[in-house]
Amino acid sequence: YAILMREGAAPTYTTLEDGTFYATNAVVGDFIFKGYTATGTTSYTATGLNAGTTYFFTLIPYSGSHAT
């Protein structure tokens with residue numbers, strides 16, 4: 001799965017190209033790509049957030065490159 005984040009509203013552009021590597025914190029469409037998570041993961045810790053700002057997170061299925 002891929003973790004997507006957007007400030008102020010839920011991401012509306014939630015398409016990633018399978019097989020493509022996305023760097024953490026890359027801006028894609030109207031969201032920031034936050035990383036990958038494995039099936040069965042039940043938590044995620046976001047860092048670098050600003051107090052008083054509302055953040056929305058979305059998980060989408062993704063079969064891509066996890067290279068670093």
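Visitor: How many salt bridges does the structure hold?
Guide: The structure, which is a predicted model, holds one salt bridge.

Visitor: Which residues form that salt bridge, and how far apart are the closest N and O atoms?
Guide: The partners are R6 and D30, and their closest N and O atoms are 3.0 Å apart. As a general point, side chains of opposite charge can pair when their charged atoms come close.

Visitor: And where do R6 and D30 lie?
Guide: R6 belongs to strand β1 (residues 2-7), whereas D30 sits in the loop between β2 (26-28) and β3, so the pair ties together parts that are 24 residues apart in sequence.

Visitor: Is R6 buried, exposed or partly exposed, and what about D30?
Guide: R6 counts as partly exposed because its relative accessibility is 25%. D30 also counts as partly exposed, with a value of 24%.

Visitor: Let us step back. How many helices and strands are there in the protein chain?
Guide: The protein chain has zero helices and four strands. Read from the N terminus, its elements run β-β-β-β. The radius of gyration is 12 Å, close to the 11 Å that the globule rule gives for 68 residues, so the protein chain is as compact as a globular protein of that length.

Visitor: What does the C-alpha trace span along its principal axes?
Guide: The C-alpha trace of the protein chain spans about 35 × 25 × 20 Å.

Visitor: What share of the residues counts as buried?
Guide: Of the 68 residues in the protein chain, 24% count as buried. The accessible surface comes to about 4400 Å², and carbon and sulfur atoms account for 51% of that surface.

Visitor: Among contacts between residues at least 6 apart in sequence, how many join residues at least 24 apart?
Guide: In the protein chain, 65% of those contacts join residues at least 24 apart.

Visitor: New topic: the loop between β3 and β4. Is T37, which is placed there, buried or exposed?
Guide: T37 has a relative accessible area of 16%, and the cut-off for buried is under 20%, so T37 is buried.

Visitor: What does T37 touch?
Guide: Leaving aside neighbours within four places in sequence, T37 is in contact with Y1, I3 and L59. The side chain of T37 also makes a polar contact with the side chain of T41, at 3.1 Å.

Visitor: T47 lies in the loop between β3 and β4 too. Is T47 buried or exposed?
Guide: T47 counts as exposed because its relative accessibility is 59%. From C-alpha to C-alpha, T47 and K34 are 9.9 Å apart in space, while 13 residues separate T47 and K34 in sequence.

Visitor: Which residues form the nonpolar patch on the surface?
Guide: The patch is formed by Y44, L49 and F57, which together have about 270 Å² of accessible area. L49 is found in the loop between β3 (31-36) and β4 (55-60). With a relative accessibility of 38%, L49 counts as partly exposed.

Visitor: Where does N25 lie, and is it buried, exposed or partly exposed?
Guide: N25 lies in the loop between β1 and β2. Its relative accessible area is 45%, so N25 is partly exposed.

Definitions and conventions: Residues are numbered from 1 along each chain as its sequence is written. This is a predicted model: local features need pLDDT of at least 70, side-chain atom pairs count only at pLDDT 80 or more; totals for chains, interfaces and linings use all residues. Side-chain values use heavy atoms; hydrogens and water are left out. Patches are made of residues with over 30% relative accessible area and no salt bridge: like charges are joined within 9 Å, nonpolar side chains (Val, Leu, Ile, Met, Phe, Trp, Tyr) within 5 Å. Accessible areas come from the Shrake-Rupley method with a 1.4 Å probe; for residues, only the protein chains shown count as cover. A salt bridge is a side-chain nitrogen of Lys or Arg within 4 Å of a carboxyl oxygen of Asp or Glu. Helices (H or I, at least four residues) and strands (E, at least two) are DSSP runs, numbered from the N terminus. Buried means under 20% relative accessible area, exposed over 50%, partly exposed in between (1.4 Å probe, protein chains only). A polar contact is a pair of N or O atoms within 3.5 Å; within protein, one must be able to donate a hydrogen and the other to accept it, and residues adjacent in sequence count only if both atoms are side-chain atoms. Contact means heavy atoms within 4.5 Å. The radius of gyration is taken over C-alpha atoms; the globule rule is 2.2 Å times the number of residues to the power 0.38.
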